[in-house]
Amino acid sequence: MTPEKIDCLIIGSGPAGYTAAIYASRAGLNPVLYQGSQPGGQLTITTEVDNYPGYPDGISGPEMMINFEKQARRFGTDIRYGMATEVDFTGYPHKVIIDGKKEIEANAVIISTGASAKWLGIDGEERLNGRGVSACAVCDGFFFRGQDVVVVGAGDTAAEEASYLAKLCRKVYLLVRRDEMRASKIMQKRLETLPNIEILWNTETVRLNGEEELESVLVRNNKTGEESVLTATGFFVAIGHKPNTDIFKGYLHMDETGYIQTIKGSSCTNIKGVFACGDAQDNVYRQAVTAAGTGCMAALDAERFLVEREVEVAMEETA
Ligand SMILES: Cc1cc2nc3c(=O)[nH]c(=O)nc-3n(C[C@H](O)[C@H](O)[C@H](O)COP(=O)(O)OP(=O)(O)OC[C@H]3O[C@@H](n4cnc5c(N)ncnc54)[C@H](O)[C@@H]3O)c2cc1C
């Protein structure tokens with residue numbers, strides 16, 4: 001197959017990818033963006049986004065992402081359906097295979113493939129997602145002010161989510177499957193100081209109850225087998241995220257979970273001309289606005305890289 005040669009390829013269509021597309025298009029890089037299996041990214045599965053600046057009354061996640069897409073199209077981004085299924089970053093230009101068949105050769109590649117929250121897979125979880133069920137306390141905690149909520153998990157993320165919610169909510173039940181937590185000692189000490197957090201050890205979720213919205217959570221003590229019902233309007237799953245970065249393994253430096261490591265203060269990876277932004281490289285903030293911010297960085301870094309490369313090539317030709 002004859003490869004399609006382009007200047008700038010953007011992989012992913014969440015806030016990071018579309019922001020990179022807006023900046024790259026306006027800089028004249030003629031970017032091609034592949035949307036992947038979830039056009040619009042993670043926000044398309046949420047109801048209300050209340051914390052993205054510029055929307056004083058909030059906006060639905062899908063609507064916001066349609067706006068992102070429209071803005072990228074307005075400046076001429078070539079937006080396409082398709083998944084990047086394979087890459088080869090050993091030579092230059094960078095090779096990316098789309099849907100296992102189409103080959104692209106790109107002078108700069110911006111990775112904005114995001115991450116996926118891990119879910120429990122229990123009864124009621126999917127049905128009540130966005131109606132009490134969430135994977136992000138910073139995003140949704142505000143909707144549960146003064147109410148009782150449940151957090152599931154035993155690591156640092158769960159401890160952080162529980163202590164964040166404790167400031168807003170009346171009561172926070174933290175369900176821990178074993179009789180100890182994996183969270184750091186300091187985070188566990190912090191939990192002990194918060195009087196409205198109750199840790200339920202050896203406890204697993206059986207089912208989420210509620211028709212239109214979450215009303216209660218059926219839990220089971222896995223030591224005694226005893227079941228009980230917690231009345232709660234919020235259920236926060238905090239068992240981790242998985243970055244969508246498998247196809248880049250072996251080429252890019254990553255942490256043990258698969259988050260791409262970028263050079264501090266930039267979106268540059270260990271491979272020249274490959275940039276990473278958004279949740280694919282961020283296991284700390286994981287917000288739409290930070291994803292958009294790093295998307296902007298990636299486009300500006302890519303633009304600088306391409307300009308410098310042009311100068312280098314011109315100098316080589318005249319030498
Ligand atoms: C239920 C929920 C509610 C949330 N609410 C809020 C909120 O209120 N406020 C807030 O700030 N944040 C919220 N977040 C977090 C926010 O959605 C993320 O931080 C943000 O979407 C990350 O943007 P991103 O562009 O990095 O990646 P994502 O939004 O994850 O998008 C990744 C994109 O990459 C594509 N992709 C993946 N692999 C490939 C591939 N191989 N080839 C091509 N494309 C690929 C996907 O199709 C997708 O388009 C929420 C998250 C969830 C799950």
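## About the model

The model is predicted: local features need pLDDT of at least 70, side-chain atom pairs count only at pLDDT 80 or more, and totals for chains, interfaces and linings use all residues. Residues are numbered from 1 along each chain as its sequence is written.

## Two domains

Let us start with the overall layout. The protein chain is divided into domain 1 (4-116 + 241-318) and domain 2 (119-237), with bounds that come from an automatic or database domain assignment. Their C-alpha centres lie 33 Å apart.

Where the domains touch, six residues of domain 1 are in contact with five residues of domain 2; contact means that the C-beta atoms of two residues, placed from the backbone, lie within 7 Å. On the domain 1 side, the touching residues are one nonpolar, four polar and one charged. Here Ala, Val, Leu, Ile, Met, Phe, Trp, Tyr, Cys and Pro count as nonpolar, Asp, Glu, Lys and Arg as charged, and the others, Gly among them, as polar.

## Around the ligand

The ligand has 41 residues around it, and Gly14, Gly36, Gly41, Gly114 and Gly278 come nearest.

Domain 1 and domain 2 both give residues to the shell, so the ligand lies between them. Helix H1 (15-26), strand E9 (115-117) and helix H6 (288-318) each supply at least two residues of the shell.

## Helix H1 and its partners

Two packed helices are described by the angle between their axes and the distance between the axes. The axes are lines fitted to C-alpha atoms, for helices over the stretch in contact, and angles run from 0 to 180 degrees between N-to-C directions. H1 and H6 pack at an angle of about 40°, with their axes 7 Å apart. H1 passes H6 in a right-handed crossing; a crossing is right-handed if the near helix is turned clockwise from the far one by less than a right angle, and left-handed if anticlockwise. Residues making the contact include Ala16, Gly17 and Ala20 of H1 and Ala291, Ala292 and Gly295 of H6. By class, this contact has 13 nonpolar, four polar and one charged residues.

H1 also meets helix H2 (residues 61-74), where the axes come within 8 Å and cross at roughly 20°. The crossing of H1 and H2 is left-handed. Among the residues in contact are Tyr18 and Ile22 of H1 and Phe68 and Glu69 of H2.

## Helices H4 and H5

Helix H4 (residues 156-166) packs with helix H5 (residues 185-192) at an angle of about 25°, with their axes 10 Å apart. That makes H4 roughly parallel to H5. The crossing is left-handed, and its contact residues include Asp156 and Glu160 of H4 and Arg190 and Leu191 of H5. By class, the contact of H4 with H5 has four nonpolar, two polar and three charged residues.

## Two backbone details

Most residues other than glycine have a negative phi, and most peptide bonds are trans. Tyrosine 92 and proline 93, however, are joined by a cis peptide bond, with omega about 0°. Proline 93 is found in the loop between strand E6 (84-88) and strand E7 (94-98).

Aspartate 99 is not a glycine, yet has a positive phi of about 50°. Aspartate 99 sits in the loop between E7 and strand E8 (102-111).

Note on methods: Helix = DSSP H or I, 4+ residues; strand = E, 2+ residues; numbered from the N terminus. Parallel < 35°, antiparallel > 145°, perpendicular 65-115°, else oblique. Near = placed C-beta within 6 Å.
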